[in-house]
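Here is a short report on one protein chain. Please keep the sequence and the 3D view at hand while reading.

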Amino acid sequence: MHRPRRGRPGHDLDAVLDASVALFNERGFDRTSVADVAARLNVGKSALYHHVPGKDALLGLALDRALSGLEAVADAVRTADADPAERLRLLVSGSVHVLVERLPYVTLLLRVRGNTDVERAALERRRRLDRLAADLVREAVAAGRLRPDLEPRTTARLLFGTVNSLAEWLRPGDSGDVAALADRVVGMVFDGLRPR
């Protein structure tokens with residue numbers, strides 16, 4: 001992946017990414033140009049090229065910001081000293097935290113369809129997270145901690161579908177207490193998954 005260049009004072013990479021992600025989410029990646037991002041920041045295009053070589057690099061950095069947060073949660077879950085059902089709960093809760101904290105970036109990630117090499121790489125990284133969730137469901141079912149009729153891949157997709165649905169209605173600043181929101185999601189989901 002492209003290594004970002006050092007920014008000019010007042011126009012750091014974070015500001016460029018924030019503006020890019022806002023436009024990608026508003027207009028779509030294909031309908032947003034580097035000139036649009038520059039106009040949003042009230043700078044010339046050359047100021048953006050000082051940070052990145054082009055629009056695909058902006059997309060890659062933005063998707064990495066979402067995915068790196070989710071992958072950090074996954075890494076913590078993999079090494080957690082807990083049974084599979086509790087690790088699955090931690091994965092769901094941690095994913096809610098990342099979604100809220102990086103909402104525009106995760107929203108962009110959820111809109112990726114695999115139309116470019118950058119998007120396909122991001123989707124593969126998402127699939128690794130899906131596989132971890134499915135593995136945890138499988139292990140928790142085998143341990144008797146979740147209902148035996150649960151199909152792991154479908155259950156994992158439903159879990160992440162629930163978490164990801166927050167991006168459809170949650171707005172920056174609306175989240176209130178993120179821990180309480182994560183607890184509500186986990187409670188609602190897992191109360192329906194307990195063995196009878």
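Leu 91 touches Val 73, Ala 74, Val 77, Leu 132, Ala 133, Leu 136 and Phe 160, leaving out residues up to four places away in sequence. Contact here means heavy atoms within 4.5 Å. The model is a predicted one: local features need pLDDT of at least 70, side-chain atom pairs count only at pLDDT 80 or more, and totals for chains, interfaces and linings use all residues. Residues are numbered from 1 along each chain as its sequence is written, and side-chain values use heavy atoms, with hydrogens and water left out.

**The core**

Leu 91 is among the residues with the most contacts inside the largest nonpolar core. A nonpolar core is a set of buried Ala, Val, Leu, Ile, Met, Phe, Trp, Tyr and Cys residues joined through side-chain atoms within 4.5 Å. Buried means under 20% relative accessible area, exposed means over 50%, and partly exposed lies in between (1.4 Å probe, protein chains only). In soluble globular proteins, nonpolar side chains tend to be buried together.

**The whole chain**

The protein chain has nine helices and zero strands. Helices (H or I, at least four residues) and strands (E, at least two) are DSSP runs, numbered from the N terminus. Of the 196 residues of the chain, 47% count as buried. The C-alpha atoms fill a box of roughly 60 × 35 × 30 Å, taken along the principal axes. Consider contacts between residues at least 6 apart in sequence: 71% of them join residues at least 24 apart.

**Two helix pairs**

Two packed helices are described by the angle between their axes and the distance between the axes. Axes are lines fitted to C-alpha atoms, for helices over the stretch in contact, and angles run from 0 to 180 degrees between N-to-C directions.

| Pair | Angle | Axis distance |
|---|---|---|
| α4 and α5 (residues 84-101) | about 160° | 9 Å |
| α8 (residues 152-169) and α9 (residues 178-191) | about 145° | 11 Å |

How do α4 and α5 run relative to each other: roughly parallel or roughly antiparallel? Their angle makes α4 and α5 roughly antiparallel. Angles under 35 degrees count as roughly parallel, over 145 as roughly antiparallel, 65 to 115 as roughly perpendicular and the rest as oblique. The crossing of α4 and α5 is right-handed. A crossing is right-handed if the near helix is turned clockwise from the far one by less than a right angle, and left-handed if anticlockwise.

From α4, the contact takes in Ala 66, Gly 69, Leu 70, Val 73, Ala 74, Val 77 and Arg 78. They meet Arg 87, Leu 90, Leu 91, Gly 94, Ser 95 and Val 98 in α5. By class, this contact of α4 with α5 has eight nonpolar, three polar and two charged residues. Ala, Val, Leu, Ile, Met, Phe, Trp, Tyr, Cys and Pro count as nonpolar, Asp, Glu, Lys and Arg as charged, and the others, Gly among them, as polar.

The crossing of α8 and α9 is also right-handed. Here Leu 159, Thr 162, Val 163 and Leu 166 in α8 meet Leu 181, Val 185, Met 188 and Val 189 in α9. These residues divide into seven nonpolar, one polar and no charged.

Arg 87 is in α5. Is Arg 87 buried or exposed? Arg 87 counts as buried because its relative accessibility is 14%. Beyond four places in sequence, Arg 87 touches Val 77, Arg 78, Ala 80, Ala 82, Leu 136 and Glu 139. Arg 87 and Leu 136 are 49 residues apart along the chain, with C-alpha atoms separated by 7.3 Å.

Ser 95 also lies in α5. Ser 95 is buried, with a relative accessible area of 3%. Beyond four places in sequence, Ser 95 touches Leu 70, Val 73, Phe 160 and Val 163.

Arg 27 sits in helix α1 (residues 13-27). At a relative accessible area of 35%, Arg 27 is partly exposed. Its contacts beyond four places in sequence are Thr 32 and Asp 36.

Asn 42 lies in the loop between α2 (34-41) and α3 (45-49). Asn 42 is exposed, with a relative accessible area of 71%. Asn 42 has a positive phi of about 60°, although it is not a glycine.
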